[in-house]
Amino acid sequence: MKPYIKYILMIFIGLTIVGMIVLFKVDSPYIKETLMRAISDGSLLVGVLYIGSSVLVFVSKQEGFDGISYSVKFIFSKFSTEKMPAYYDYKQTKKRKEGPVLPMLICGIIFIVISIIFAFV
């Protein structure tokens, strides 16, 4: 997949969510203040969701949740006959995850900037 396709897809999804929020919040599209406020609210929501998701993906890629996943699997292995390996062995066999951190972060910043622009227009 070409790198710019990720950005286009994320921006399209974000604009779709913003459009749905605008449709639900605006009673009369002819009132400028209501329309600008709805676009600002929708853009802020999408921006915060994208930035929050990118932070979670980044922490996951840095193996920040491995201890929690090992603990949960260890607890549930007590109810089954399967033997759980040691934590060191578990970390060695686990593969690094890939995720779109940078595209989500950039799209989140773009939507927050759009939100700020529409909030003060």
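## Helices and their buried residues

Met-10, Gly-14, Val-18, Ile-21 and Val-22 are the buried residues of helix H1. The model under discussion is a predicted one. Among the elements that cover these buried residues of H1 are H2 and H5.

Just after H2, Glu-63 adopts a positive phi of about 65 degrees.

In H5, the buried residues are Val-101, Pro-103, Met-104, Cys-107, Gly-108, Phe-111 and Ser-115. They lie on the same side of H5, because the arc that they cover around the axis is only 165 degrees. The partners against which the buried residues of H5 pack are H1 and H2.

| Helix | Residues in helix | Span | Expected span |
|---|---|---|---|
| H1 | 23 residues | 34 Å | 33 Å |
| H2 | 30 residues | 43 Å | 44 Å |
| H5 | 19 residues | 27 Å | 27 Å |

In H1 the span is close to the expected one, and this holds for H2 and for H5.

## The largest nonpolar core

Which residues make up the largest nonpolar core? There are eleven in all: Met-10, Val-18, Val-22, Val-26, Ala-38, Ile-39, Val-46, Tyr-50, Met-104, Cys-107 and Phe-111. At least two residues of this core come from each of helix H1 (3-25), helix H2 (32-61) and helix H5 (101-119). H2 contributes the most, with four residues. In soluble globular proteins, nonpolar side chains tend to be buried together.

Val-26 is one of the core residues. Leaving aside residues up to four places away in sequence, Val-26 touches Thr-34, Leu-35 and Ala-38.

## Aromatic pairs

Four aromatic pairs are found in a search of the whole structure. One of them is formed by Tyr-50 and Phe-111, whose ring centres are 6.1 Å apart, with 50 degrees between the planes, a tilted arrangement. This pair links distant parts of the chain, since Tyr-50 belongs to helix H2 and Phe-111 to helix H5, 61 residues apart. Both Tyr-50 and Phe-111 are buried, and both belong to the largest nonpolar core.

Tyr-70 and Phe-74 form a stacked pair, because their ring centres are 6.0 Å apart and their planes meet at 25 degrees, which is under the 30 degrees required for stacking. Both residues lie in helix H3 (residues 66-77), four residues apart, or about one turn of the helix. An α-helix has 3.6 residues a turn, so residues three or four places apart point the same way.

Phe-74, in contrast, counts as partly exposed at 33% relative accessibility. Tyr-70 and Phe-74 also belong to one aromatic cluster with Tyr-87 and Tyr-90.

## An exposed loop residue

Glu-82 is found in the loop between H3 and helix H4 (87-93). Glu-82 is exposed, because its relative accessible area is 55%, over the 50% limit. Between the C-alpha atoms of Glu-82 and Phe-118 the separation is 56 Å, and the two residues are 36 residues apart along the chain.

Methods
Residues numbered from 1 in each chain as written. Predicted model: local features only at pLDDT ≥ 70, side-chain atom pairs only at ≥ 80, totals over all residues. Heavy atoms only, no water. Core = buried A, V, L, I, M, F, W, Y, C linked by side-chain atoms within 4.5 Å. Buried < 20%, exposed > 50% of the residue type's maximum accessible area, 1.4 Å probe, protein only. Contact = heavy atoms within 4.5 Å. Expected span 1.5 Å × (residues − 1). Arc of directions from axis to C-beta. Phe/Tyr/Trp six-rings, centres within 6.5 Å; stacked < 30°, edge-to-face > 60°.
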